[in-house]
Amino acid sequence: MHDTVWFEIQGTPAVSIASSEFVTAATAQADALGMPDAQRVFVQHPIQDATDEEMRAKADVIVEQVLRALTA
């Protein structure tokens, strides 16, 4: 969230991508950083042990959300 907020303050569209395990933490961070509307997209948890193929499949699910978040 820190990087997303920093880029947004600089005028560069940004979106945080994290595991769905971190929805609450990302919301708290965005609020604490003063940008509750900071864009964020969550990939299905878990990701730590995912294979490359599994990560590509997870990314395919969210790619449209990321594009919408960057162009909104």
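Let me start with Ser16 and what it touches. Setting aside neighbours within four places in sequence, Ser16 is in contact with Met1, Thr4, Gln39, Arg40 and Val41. With Thr4 there is also a polar contact, 2.4 Å between the two side chains. Keep in mind that this is a predicted model, and the distances are computed from it.

Where does Ser16 sit? It is found in strand β1, which covers residues 16-19. Is Ser16 buried or exposed? Its relative accessible area is 13%, and the cut-off for buried is under 20%, so Ser16 counts as buried.

Now the overall layout. The protein has three helices and two strands. Reading from the N terminus, the order is α-β-α-β-α. Along the principal axes, the C-alpha atoms fill a box of roughly 35 × 25 × 15 Å. There are 72 residues, and 24% of them count as buried. The exposed surface comes to about 5100 Å², with carbon and sulfur atoms supplying 55% of it.

How do parts of the chain meet? Take the contacts between residues at least 6 apart in sequence: 59% of these join residues at least 24 apart.

Which residues make up the largest nonpolar core? There are six: Val15, Val41, Val43, Ile62, Val66 and Ala69. Both β2, residues 40-43, and α3, residues 52-71, supply at least two residues each to this core. The largest share comes from α3, with three residues. Look at Val66 in particular: not counting residues up to four places away in sequence, Val66 touches Val15, Ile17 and Val41. There is also a second, separate core of five residues, among them Val5, Ala26, Ala30 and Ala38.

Glu8 has its place in helix α1, residues 2-9. Its relative accessibility is 28%, so Glu8 counts as partly exposed. Leaving out neighbours within four places in sequence, the contacts of Glu8 are Pro13, Ala14 and Met35.

How accessible is Asp31, and what does it count as? The figure is 44% relative accessibility, so Asp31 counts as partly exposed. Between Asp31 and Ile9 there are 22 residues of separation in sequence, and 14 Å in space from C-alpha to C-alpha.

While we are on charge, the totals: the protein has 11 negative and 4 positive side chains. The centres of those two sets lie 4 Å apart.

The last stop is a loop. Pro46 lies in the loop between β2 and α3. The peptide bond leading from His45 to Pro46 is cis, with omega near 0°.

Terms used. Residues are numbered from 1 along each chain as its sequence is written. This is a predicted model: local features need pLDDT of at least 70, side-chain atom pairs count only at pLDDT 80 or more; totals for chains, interfaces and linings use all residues. Side-chain values use heavy atoms; hydrogens and water are left out. Helices (H or I, at least four residues) and strands (E, at least two) are DSSP runs, numbered from the N terminus. Buried means under 20% relative accessible area, exposed over 50%, partly exposed in between (1.4 Å probe, protein chains only). Contact means heavy atoms within 4.5 Å. Accessible areas come from the Shrake-Rupley method with a 1.4 Å probe; for residues, only the protein chains shown count as cover. Lys and Arg count as positive and Asp and Glu as negative; His and the chain ends are not counted. The place of a charge is taken as NZ of Lys, CZ of Arg, CG of Asp or CD of Glu. A nonpolar core is a set of buried Ala, Val, Leu, Ile, Met, Phe, Trp, Tyr and Cys residues joined through side-chain atoms within 4.5 Å. A polar contact is a pair of N or O atoms within 3.5 Å; within protein, one must be able to donate a hydrogen and the other to accept it, and residues adjacent in sequence count only if both atoms are side-chain atoms.
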